[in-house]
Amino acid sequence: MTAVTASRNPAEVEAAASVRPLPRARLDWRLRFAVLSLIWGFSFLLIKVGTDGYAPFQVTLGRLVFGTAVLAAAMAVKRARLPRGARTWGHLTVAAFLLNALPFSLFAYSELTIPSTLAGICNATSPLWGMALSLVALSEDRPTRVRVAGLGIGFLGVLTVLGAWQGFAGLDAGGVTMALLASLSYPIGWIYVRRTLAGSSYSNLSLTGAQLLLATLQLAVVTPLFTSLPTHFPLLPLLAVVALGALGTGIAVLIQYGLVAEVGPTTAQMVTYFIPVIATAAGVALLGESLSWSTPVGAVIVLAGAALTQVRRGA
């Protein structure tokens, strides 16, 4: 499986399993795992800060520009070349939209009206969507009672987070919907990549670099159509966008490659279950976002269900 991105769900971590072995890093993998969890967990806070000064499309474009720059530098160091062939670039264009341009933009727009804590928890539903879609789209991925139970438990957790018994009072339906659609976009993109680019002769670094470049071009076309050029550039939101791109969309994917190569996708994908915890702690501590009892309780239920959906037959 190839062409993974710096997104945050087990399907995409598993997709990195075909990465070519890298030299053993000096820094212990547990420390790199913790760093990756922190980077992705703080990404939702950075989106919130970025949208305080810039339009969501501008935040997404900046994120992709700086993320692509990091991947380009890594490709230059490793002397990796961009893939060739119209067919490959066509598939990468679709992957760039589903795995980068669309979900990044949806999360940025969602955080205009919902807390970063809620966006981080919505992101944790991605494994649930992935499991549901794989039952339909991937014939080799057959359901088990445990995985189906995990799916039901996970979505029960979503209803708990949203306070369904209160009629979702106090929540912006549009923002929540966009965050959930962003999480749904990841497994759709993963399934597409698995069907079209699996077994490619190009390295994951080359494919992902090309994918981020294409996503950047897509946002470069769309952004001027829906936003106007900023008249001033607030420093803190600008720094947030730089960090979101360079760290959350560039450095993170390189750390991810190393983890998958060293400890395998099963261990590496566990990072997914730390992200909403960190996102919630960051939102409450640094942004002063409110937290009712149903949010952490529902998040635990979501993560438990997501973990069950990843249990394979015979594991």
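This briefing covers salt bridges, a surface patch and cavities in one predicted model. Local features need pLDDT of at least 70 and side-chain atom pairs count only at pLDDT 80 or more, while totals for chains, interfaces and linings use all residues. Residues are numbered from 1 along each chain as its sequence is written, and side-chain values use heavy atoms, with hydrogens and water left out. The structure has two salt bridges and two cavities of 30 Å³ or more.

**Salt bridges**

- Side chains of opposite charge can pair when their charged atoms come close.
- A salt bridge here is a side-chain nitrogen of Lys or Arg within 4 Å of a carboxyl oxygen of Asp or Glu.
- R32 pairs with E262, with the closest N and O atoms 2.4 Å apart.
- R32 sits in helix α2 (residues 29-50) and E262 in helix α10 (residues 235-263), so this bridge ties together parts 230 residues apart in sequence.
- Helices are DSSP runs (H or I, at least four residues), numbered from the N terminus.
- R32 is buried at 11% relative accessible area, whereas E262 is partly exposed at 26%.
- Buried means under 20% relative accessible area, exposed over 50%, and partly exposed in between (1.4 Å probe, protein chains only).
- R30 and D28 form a salt bridge at 3.3 Å, N to O.
- R30 is exposed at 52% relative accessibility, and D28 is partly exposed at 33%.

**Nonpolar surface patch**

- F233, L235, L238 and L239 make up a nonpolar patch on the surface.
- Together they have about 410 Å² of accessible area, computed by the Shrake-Rupley method with a 1.4 Å probe.
- Patch residues have over 30% relative accessible area and no salt bridge, and nonpolar side chains (Val, Leu, Ile, Met, Phe, Trp, Tyr) are joined within 5 Å.
- L235 lies in helix α10 and is exposed, at 58% relative accessibility.

**Second largest cavity**

- A cavity is a set of points on a 1 Å grid over the protein atoms alone where a 1.4 Å probe fits but cannot get out; lining residues have an atom within 4 Å of a point.
- The second largest cavity has a volume of about 40 Å³, taken as the space filled by probe spheres set on the points.
- L118, I121, C122, T125, V158, V161, L162, L180 and V302 line the second largest cavity.
- Helices α5 (116-123) and α7 (145-162) are the elements that give two or more residues to this lining.
- The lining has eight nonpolar residues, one polar and no charged ones.
- Ala, Val, Leu, Ile, Met, Phe, Trp, Tyr, Cys and Pro count as nonpolar, Asp, Glu, Lys and Arg as charged, and the others, Gly among them, as polar.

Technical notes. Patch = residues over 30% accessible without salt bridge, like charges linked within 9 Å, V, L, I, M, F, W, Y side chains within 5 Å. 1 Å grid on protein atoms, 1.4 Å probe; cavity = no way out; pocket = protein on both sides within 12 Å on 5 of 7 lines; lining within 4 Å.
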